[in-house]
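Thanks for coming. I will take one chain today and go through a few of its residues. Please have the sequence and the model open.

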Amino acid sequence: LSKEYTDEFFTPQVDYDDDIKYGFGLEFDLDDNGTVRSYYKDGVNAGASGILRHYPKSGLDVVVLSNAEEGAWDLVVELDAQF
């Protein structure tokens, strides 16, 4: 992608609620001041769940995969509380 399209891809586009905005395939978690705290893509299917999350301030990428439909979320909530 060009720089213009890459920047647009990593920019929140649509309000979902006060804390979450949607973009082009990603969800964005915002700080109280409106800056991007993290962006992520998650998914669930029969017998599996997973999430890929990036924290721009720390440059940290987190990937959690589970062989259970609800298996990834508790760990992600714990990790998210630390960053």
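Start with Asp80, which counts as buried because its relative accessibility is 17%; buried means under 20% relative accessible area, with a 1.4 Å probe and protein chains only. Before going on, the provenance: this is a predicted model, where local features need pLDDT of at least 70, side-chain atom pairs count only at pLDDT 80 or more, and totals for chains, interfaces and linings use all residues. Residues are numbered from 1 along each chain as its sequence is written, and side-chain values use heavy atoms, with hydrogens and water left out.

Asp80 sits in helix H2, residues 73-82 (helices are DSSP runs of H or I, at least four residues, and strands are E runs of at least two, numbered from the N terminus). What joins the side chains of Asp80 and Tyr55? A polar contact of 2.9 Å, that is, a pair of N or O atoms within 3.5 Å, one able to donate a hydrogen and the other to accept it; residues adjacent in sequence count only if both atoms are side-chain atoms.

Tyr55 also belongs to the largest nonpolar core, eight residues that include Ile20, Tyr40 and Val76. Such a core is a set of buried Ala, Val, Leu, Ile, Met, Phe, Trp, Tyr and Cys residues joined through side-chain atoms within 4.5 Å.

Ile20 is in contact with Asp15, Glu27, Phe28 and Tyr40, leaving aside neighbours within four places in sequence; contact means heavy atoms within 4.5 Å.

Last, Lys21 lies in strand E2 and, at 19% relative accessibility, counts as buried.

How values were computed. Buried < 20%, exposed > 50% of the residue type's maximum accessible area, 1.4 Å probe, protein only.
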